[in-house]
Amino acid sequence: MRFLLDTEQRAFAGSLDAMLTAADTPSVVRDWSRGDHAKGRALWSRVAGAGVFALAVPEEYEGVGRLPLDLAVAFVELGRHAVPGPLVETVTAAALLSELGDPAPAKRLLPALASGESMATVARRGSYALDGDAVAVRLSLTDGEVRLSPGHGPVRASLDPARRRTHLHPGGELLATAPPFATALLWARLATAAQALGVGLALLDRTVAYVRQRTQFGVPIGSFQAVKHRLADAKVALEFARPLVLGAAATLDPADVAAAKVTACEAAYTTARTALQLHGAIGYTAEYDLSLWLTKARALRTAWGTPGECRAVVVSG
Amino acid sequence: MDLTNSPADEAFRAEARAWLDAHVPAEPLPSLETEEGFAAHRAWEAELAADRWSVVSWPEEFGGRGADVFRWLVFEEEYYAAGAPGRVGQNGISLLAPTLFEHGTEEQRARVLPSMATGETVWAQAWSEPEAGSDLASLTSRAVRTDGGWLLSGQKTWSSRAAFADRAFGLFRSEPGTPRPHQGLTYLMFDLHAPGVTVRPIGRLDGKPAFAELFLDEVLVPDEDVIGEPGQGWRIAMSTTAEERGLTLRSPGRFLAAADRLAALWREGGEDPFTRDRVADALIGARAYQLFTYAAASRSAAGERLGPESSLNKVFWSEYDIALHETALDLLGEEGESADTGWSESYVFSLAGPVYAGTNEIQRDIIAERLLGLPRGRR
């Protein structure tokens, strides 16, 4: 028993954090939200270059093997920096393609996902696909089939402007029948949980910094107990979500993954509500960068499984 | 990262499970907070101790098995999964014993620990006073130097288990007028039956005498019952409370077992859809607490000192415990109001969680100031 990240995993998180801090992600997010993908693609290449997507791709398809724990570590950092794009969906597509009965689609599509040369999205019929307008690989899941969708519909605005969702056109090349959706869903939920945890951690950090410097009645508002206790509760929620996320990555047990998903997303959302309240009116503006995390915390709650769906998995597990 | 127990720990688990299967009483013991129940729980401690299961984490010479924290966690999982009785010796085992291991003398350990392990001596804590609760350092009970020892005078209150316990431990002001209230305090052990001690039991919410007031009038305590240096009591008490509260005050095994019982209750009752999410949250919370504890234990095993993060732990389990019990009582419907169900006593006990061992308001102040770095302010 040793439930701790090792030195390399912590160094990996640290190097991603440093790289993303230097990348000025807020301006990337704002461009992406307008449909200008140039900066986002450049950032995507750097994330891929750091090896993030290869963590979801087996070695025979030019990945580094499937390492869910390292992937979760990376997604916490991607969430912390509000990195835009179909991050979870690319990982989910990789999980799906890795486990098709026929290795040909994996051989054809996975190396480019691992290297960051292409992005992927994936959706079940009738559901939205994130960033369908930005990606080369659109996997459309229908009853017992996975197809390479030929195109996408118009972008449907999200409460998180950086999440540009589209429907996928029906038809297209049939890649496989009986796709392993349950496995793909585990990876989707795990990555979303880790991303949400990162979003929550960033919201907490930013709010702590704000209440330390914001002065009212002659003292920092962070010295008031009413403020402290809300932040303490956010800290408790996030610190108990963290071991669930890492534990789910270690076991990939469906109940563990569902528990991590609902808990991390709710912790992030609780933290978002606290962040909004403690920032006051400035937090309620689109122009202030806090909004990039606030809106994402709301969107991730229902992405790849609502709180109710996840809890249903837990009680049946 | 490795979430599996070693084969040796699993063998230990099997041994513990077999022993518990053979020994846990088929019928629950009477309430620990009654005279009859206290005696029954004391006898259970002796039964545990006879086969060295009462203090598995202690060294063998004091009746333990030298279990490290991971093995202790395994024991606790099995203990509560087996539905074994509450531990009447908990105060002594989880608060006084660690203090003695770190700050006591060899003579004190040899004298105090064996009878604690068997339940022959049950210990009560004597921290709070009528005017010193959250602001514990403002306590005024005195320890006055006398020939060969100290004379204790003053009033302690909310002293858990003291109605039926044998001895108590706590902090006393041995140097009046120090510049700061945390200075000049001494950590002492004393006999609850000594001349000058009056114990007045207090009924908790359900009327059972779960705690007591202690009136002390020049109670003579010999020097051998001072722990550490006189005047250093605050530092000594705090050095173990943070560490111990973080890991061992409430084991995950307790909540894993309670959440499983709750899920079973929900299933037996036909899987009420309105309660499903709360049952799920009980299962999730128990898993989160287990994994959080594994992480803390792993850091501790790697040589990291656990400090203020124990406050996260205290807030989490105390709020969690109440929510779990409220869900159980709601599921029971009108039976939930009854005072003698398998959930009623533990519900009443859970209500005290956010108050004792440092209120959750104090814990949130600690989280905000020491973990998040917010400025100190008025309480």
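In this predicted model, the buried residues of α6(A) are covered by elements of chain A that include the helices α3 (38-49) and α5 (87-98) and the strands β1 (120-124), β3 (137-142), β4 (145-148) and β6 (173-177). Helix α6 of chain A spans residues 104-115, and its buried residues are Pro105(A), Ala106(A), Leu109(A), Leu110(A), Pro111(A), Ala112(A), Leu113(A) and Ala114(A). After α6(A) comes Gly116(A), which has a positive phi, near 90°.

Over all chains, a search of the whole structure finds zero disulfides. Cys265(A) is in no disulfide, and the nearest cysteine sulfur, 7.4 Å away, is that of Cys310(A). Seen from Cys310(A), the closest cysteine sulfur is in Cys265(A), and 7.4 Å is too far for a bond, because a disulfide needs the sulfur atoms within 2.5 Å.

| Residue | Relative accessible area | State |
|---|---|---|
| Cys265(A) | 2% | buried |
| Cys310(A) | 0% | buried |
| Trp343(B) | 6% | buried |

In chain B, Trp343(B) sits in the loop between α9 (310-332) and α10 (344-352). Which residues does Trp343(B) touch, not counting residues up to four places away in sequence? They are Ala258(B), Arg261(B), Leu262(B), Leu265(B), Leu324(B), His325(B), Ala328(B), Leu329(B) and Leu332(B). Leu371(B) lies 28 residues from Trp343(B) along the chain, and their C-alpha atoms are separated by 35 Å.

Key
Residues are numbered from 1 along each chain as its sequence is written. Chains are lettered from A and ligands numbered from 1 in the order in which they are written. This is a predicted model: local features need pLDDT of at least 70, side-chain atom pairs count only at pLDDT 80 or more; totals for chains, interfaces and linings use all residues. Side-chain values use heavy atoms; hydrogens and water are left out. Helices (H or I, at least four residues) and strands (E, at least two) are DSSP runs, numbered from the N terminus. Buried means under 20% relative accessible area, exposed over 50%, partly exposed in between (1.4 Å probe, protein chains only). Contact means heavy atoms within 4.5 Å.
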